[in-house]
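Hi everyone, thanks for making time for this one. Let me put the model up on the screen and then walk you through it.

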Amino acid sequence: MIFALHRAIQANNNSPNYQEADQRQKEIIALFKKLAVDIQGLHYHRSFSGGFEEFIEAIAFYHFLVHKTVITKEQVDGYFKDEQGQMWVPVKTEDYILGLADCTGELMRYAIYVVSTDFDIIATSYMPQLSKKLGALKGSIKKVEQACYTFQIRGSEYPKEMYLTIIKNHQDKYEQEQNS
């Protein structure tokens, strides 16, 4: 389901088609419903909590993409209620929290995708003053990349005590180039 969400975003970030993700979600819920019949009254939690957390991660990410908010525990519970409002599998608070914690990785991937594609266009059209800050951010990233590159390539040529000096000299050189 998560990969289907990422594919939908990458195919059309402005208006993603979540049809494949919706289908995967229905399939997963059907599997949980079958499982629910087999585990009634048993201490089952450890046997499938990993899968439960993964599903919660997926629906949390989906919820964020659609609503731009964090899914609540009550909203997660809604996925596991029948037509009469009865829970057919109880959602433990720890599964909810661990699923949300896993979702941060998907949010990071999504953020990287947004930043690497059209963040400049979107951000500067809504907030023109952000353009300057993005320029500074990109410059800072470039400085760090260059310092790491210099350290990696040239670092073995000098004693460890000189590393800080080498990096500082490189940073000064970079800033002079940018100011001229």
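So, to start us off: how many helices and how many strands does the secondary structure of the chain come to? This is a predicted model, and the tally is 8 helices and 0 strands. Along the sequence, that reads α-α-α-α-α-α-α-α.

A few overall numbers next. Of the 180 residues in the chain, 32% are buried. The chain exposes about 12300 Å², with carbon and sulfur atoms supplying 57% of that. If you take contacts between residues at least 6 apart in sequence, 61% of them join residues at least 24 apart.

Now to the salt bridges, where the count is 5. Have a look at helix 2, residues 19-39, which holds both R24 and E27. Their side chains meet in a salt bridge, 3.2 Å from N to O. R24 is partly exposed at 34% relative accessible area, and E27 is partly exposed at 34% too. This pair also belongs to a network of salt bridges linking R7, E20, R24 and E27.

Over in helix 4, K73 and D77 sit 4 residues apart, about one turn. Their closest N and O atoms are 3.0 Å apart in a salt bridge, and both residues are buried.

One last stop, please: K68, in the loop between helix 3 and helix 4. Most residues other than glycine have a negative phi. K68 has a positive one, near 60°.

Terms used
Residues numbered from 1 in each chain as written. Predicted model: local features only at pLDDT ≥ 70, side-chain atom pairs only at ≥ 80, totals over all residues. Heavy atoms only, no water. Helix = DSSP H or I, 4+ residues; strand = E, 2+ residues; numbered from the N terminus. Buried < 20%, exposed > 50% of the residue type's maximum accessible area, 1.4 Å probe, protein only. Contact = heavy atoms within 4.5 Å. Areas by Shrake-Rupley, 256 points an atom, 1.4 Å probe, with all protein chains shown as cover. Salt bridge = Lys/Arg side-chain N within 4 Å of Asp/Glu carboxyl O.
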